[in-house]
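The sequence and structure come first, then the points grouped by topic.

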Amino acid sequence: METLLIREIELHRFKRYREKTIPVPGGFCLLAGSNNSGKSTLMQAFALWEFCKSVVHIEQGIDALLDENIGKKQGVGVNAEDFLPLNLPSLKHLWTNLRISPEKDPQGKKEPDGYTLWVEVRWKNETLNRNKHLRFSLSLANERLFIKTTRSNVTAEEDIPKVAYIPPFAGILSREPYHTKAMRAKLVGQGLSGSVMRNTLLELYQENQKERDRLKGDSDRIPKQELASLRKTDRWEHLLEVMRDLFKVELVIHDFNEDYHSSIKAEYWKGAYNENGTKFIKHNGFNRRDIMVEGSGFLQLLNVLSLSIDPSYQVIFLDEPDAHLHPTLQFALLKELNVLSEKYGKQILFATHSTELIASQMPDKILMFENGKVNLLSDDHQKIGLITGLGSEFSPQIHKLQRTKKVVFVENESDSNIIKRLSEILGQPIPNDIVFWSWPGKHNERQHLFNQLKREISGLKGLSVRDRDNQEFNTITKSLLDKNNTGCDKDGLLARTWRYRYIETYLLC
């Protein structure tokens, strides 16, 4: 497969953008900004482009996407009820200030045939070292959408990027039929990635089984060295390992035979690694269950990860996949998506309102949306604007910090409540001028956030307090210094870790 890297998208009269070119960074990137700042518009523009590509390809064939056939094809008509990639009350809302009469394009020419909205994606085929582009223009008549290719330098011999847009809880079904690749691409292009999740899992599993059969050959088992290599490189093996680590579950996908089966069966069982960490073992008495039995967080994360691993898609847009996840899972998802992006050469763009996730990322992995502008950050201190501008719950804290200049980072609100109560019992109540900031991040992640806050709040002093959790007891000194902690305890921030496993344990000591 050719390596394709999307570089930018140009929008003309699409939703909030009358005329806008937006850069698209490579690898993994957070999309950050306040509500109505343009994050969703960018993702929806790619969803629209993928939908147009799918419709034109299905209705008119690959020839309709090629440079040599521009102007030779009529537009493809789509009824409002068949337009599924975006949830809109009316198709006219795709346009910026829709008018009946044709307007002029940037060169002063009238836009022909009423095709007044267009979306153009530009990418680099790094395998062939070529810059490519593909534009779709749209027209609206009586709530019927017409789509046609109006600019392209695509040839029949080259690949075209496939984009997956994953809105929250994207149509996950309890029973999922088997789909051809074309139908899967169509459903994903319509924003219904959850409705093909079992198909994605089945294909990943089947490819893994083919490779296992090849490596086994005529032998009874796969040689140890080749098995170890398979577990490091195979996408299904990768997904299994992630789900074991995050949810302590083993995925089980059943073989599918269209002569006998009407839907794809995907189950799981719960277990744990053995003492050596070499084998995942099922808990006694735990029967297999269908994946739909698990909660929405599990399904959302499985959907996101399976599609991100799927080799069919080069570009993945995730619309707030962290919104319904526990903070621990939010960071686990962020870490895994960074790994997937680097390991498989994916472009993964992740829209979020989480100040904690923003604070934990390097600035060159954050695309900031602000006042109609879209820019990739270049310095850590630029993140403070995002943090102060996101999440109303943080604004009072920051305003108070600007006055008091004292902060204590804890893992959650219950930690701060216990610390305050213990201090009262000991006769040394916590002063009201200290701000408690709840965040499960590690000491070094809090150090980054502290440094960003300090750029804006001169003289800021802080304390970072964490539970010992699963660290060995002897890694924490009697003065609560953490021997495993490096890079902190400087610049005005002290890092301390409870000697017992949790702060609650001190109530018993």
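Two strands pair if DSSP finds at least two bridges between them. Helices (H or I, at least four residues) and strands (E, at least two) are DSSP runs, numbered from the N terminus. This is a predicted model, in which local features need pLDDT of at least 70 and side-chain atom pairs count only at pLDDT 80 or more, while totals for chains, interfaces and linings use all residues. Residues are numbered from 1 along each chain as its sequence is written, and side-chain values use heavy atoms, with hydrogens and water left out.

**Parallel strands**

- Strand 19 (residues 461-466) runs parallel to strand 20 (residues 493-497), and 5 bridges join them.
- G462 has L493 of strand 20 as its bridge partner.
- Strand 19 also runs parallel to strand 17 (residues 406-410), through 4 bridges.
- Here V408 is partnered by L463 of strand 19.

- Six strands form an open sheet in the order 2-1-5-6-7-4, with antiparallel pairing.
- Strand 2 (17-23) and strand 4 (76-79) each have a single partner strand, so one side of each is left without a neighbour in the sheet.
- From one strand to the next, the twist averages 20°.
- Strand 1 (residues 4-14) and strand 5 (residues 117-125) are joined by 8 bridges in the antiparallel sense; E10 has E120 of strand 5 as its bridge partner.
- Helix 1 (residues 39-60) lies across strands including strand 1, strand 6 (130-141) and strand 7 (144-152), and runs at about 95° to strand 1.

**Helix pairs**

- Axes are lines fitted to C-alpha atoms, for helices over the stretch in contact, and angles run from 0 to 180 degrees between N-to-C directions; contact means heavy atoms within 4.5 Å.
- Helix 3 (residues 197-216) packs against helix 4 (residues 224-233) at about 165°, with the axes 11 Å apart. Helix 3 is therefore roughly antiparallel to helix 4 (an angle over 145 degrees).
- The contact uses N208, E211, R212 and L215 of helix 3 and E226, L227, L230 and R231 of helix 4.
- Helix 5 (residues 235-247) and helix 7 (residues 327-344) also pack at about 165°, with their axes 12 Å apart. Helix 5 is therefore roughly antiparallel to helix 7.
- Residues in this contact include H238, V242 and F247 of helix 5 and A332, E336 and Y344 of helix 7.

Note on methods:
Parallel < 35°, antiparallel > 145°, perpendicular 65-115°, else oblique.
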